[in-house]
Amino acid sequence: MFTGLVQELGRVVESRQQNGGAQLRIEAGCAGELSDGDSVLVNGVCLTATDPDRREFGADLSEETLARTTLGDLGVDDYVNLELPLRPADRFGGHFVQGHVDGVGTLASSRLAGLSREVRIEAPAELLRYVVEKGSVAVDGVSLTVARVDDRGFEVSLIPETLERTNLTPDSPGRRVNLEVDVIAKYVEKLVLRGQS
């Protein structure tokens with residue numbers, strides 16, 4: 001379980017295709033805290049750390065992960081949002097993030113709004129039904145509050161702290177991003193539908 005509060009930016013130092021999947025190697029300060037088999041959130045995707053040392057860790061990407069996420073788009077020197085799993089004694093901020101990406105959206109546009117940047121993300125209709133104004137959504141693993149939503153996408157407001165600590169740069173329209181909707185909304189929908197049958 002994660003919170004969507006990015007702990008650091010890691011840098012991809014190796015990315016290679018292998019047998020229908022891929023392997024990443026990421027340079028990160030948190031690598032020293034990882035052991036083989038530990039979970040780590042990379043751009044919103046829960047991955048298993050392999051061969052960590054003090055400076056780097058690896059991760060294997062399955063065909064499923066490559067098909068459902070943007071991790072296959074990564075190349076050497078790209079920066080990724082990283083978060084280690086929540087510990088029982090940690091303060092809980094953000095929202096419940098599982099690292100199970102629901103789909104991919106596209107950064108469509110951005111504009112200055114005072115100190116922040118309003119960013120529009122286009123998303124598939126099957127995800128938008130779970131996105132509500134003032135609700136939570138994870139974009140590349142970053143917990144964000146939805147400012148506005150319509151039938152083609154939604155808008156979020158990125159404050160200077162978010163812009164500085166994450167790889168969500170609003171000046172890259174067309175960039176694909178991993179989306180995870182609020183899991184509570186999916187459970188509520190399932191319970192309501194079950195109650196109607």
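Asp-140 is buried, because its relative accessibility is 0%. This value, like those that follow, comes from a predicted model. The side chain of Asp-140 forms a salt bridge with that of Arg-175, with an N to O distance of 2.4 Å. Asp-140 sits in the loop between strand S9 (136-139) and S10, and Arg-175 in the loop between H3 and strand S12 (176-181), so the bridge ties together parts 35 residues apart in sequence. Arg-175 is partly exposed, because its relative accessibility is 22%.

The largest pocket holds about 300 Å³ of space. It is lined by 13 residues, and those closest to its centre are Leu-5, Val-142, Ser-143, Ile-159 and Thr-162. Strand S10 (142-149) and helix H3 (160-165) each contribute at least two lining residues. S10 gives the largest share, with four residues. The lining consists of six polar, five nonpolar and two charged residues.

Rolling a probe the size of a water molecule over the atoms shows where empty space is left. Three cavities of 30 Å³ or more were found in the whole structure. The largest cavity has about 50 Å³ of space. Among the residues that line it are Leu-107, Val-119, Ile-121, Val-156 and Leu-158. Strand S8 (116-122) and strand S11 (153-158) each supply at least two residues of this lining. Nine of the lining residues are nonpolar, one is polar and none is charged.

Salt bridges number 17 in the structure. Arg-25 takes part in a salt bridge with Asp-53, at 3.6 Å from N to O. Asp-53 is in the loop between strand S4 (45-50) and strand S5 (56-61), whereas Arg-25 is in strand S2 (residues 21-27), and the two are 28 residues apart. Arg-25 is buried, because its relative accessibility is 13%. Asp-53 is partly exposed, because its value is 37%. Arg-25 forms a salt bridge with Glu-56 as well, and here the closest N and O atoms are 3.1 Å apart. This pair links strand S2 to strand S5 across 31 residues. Arg-25 and Glu-56 are both buried.

How values were computed:
Residues numbered from 1 in each chain as written. Predicted model: local features only at pLDDT ≥ 70, side-chain atom pairs only at ≥ 80, totals over all residues. Heavy atoms only, no water. 1 Å grid on protein atoms, 1.4 Å probe; cavity = no way out; pocket = protein on both sides within 12 Å on 5 of 7 lines; lining within 4 Å. Points joined across faces, edges and corners; volume = space filled by probe spheres on them. Nonpolar A, V, L, I, M, F, W, Y, C, P; charged D, E, K, R; others polar. Salt bridge = Lys/Arg side-chain N within 4 Å of Asp/Glu carboxyl O. Buried < 20%, exposed > 50% of the residue type's maximum accessible area, 1.4 Å probe, protein only.
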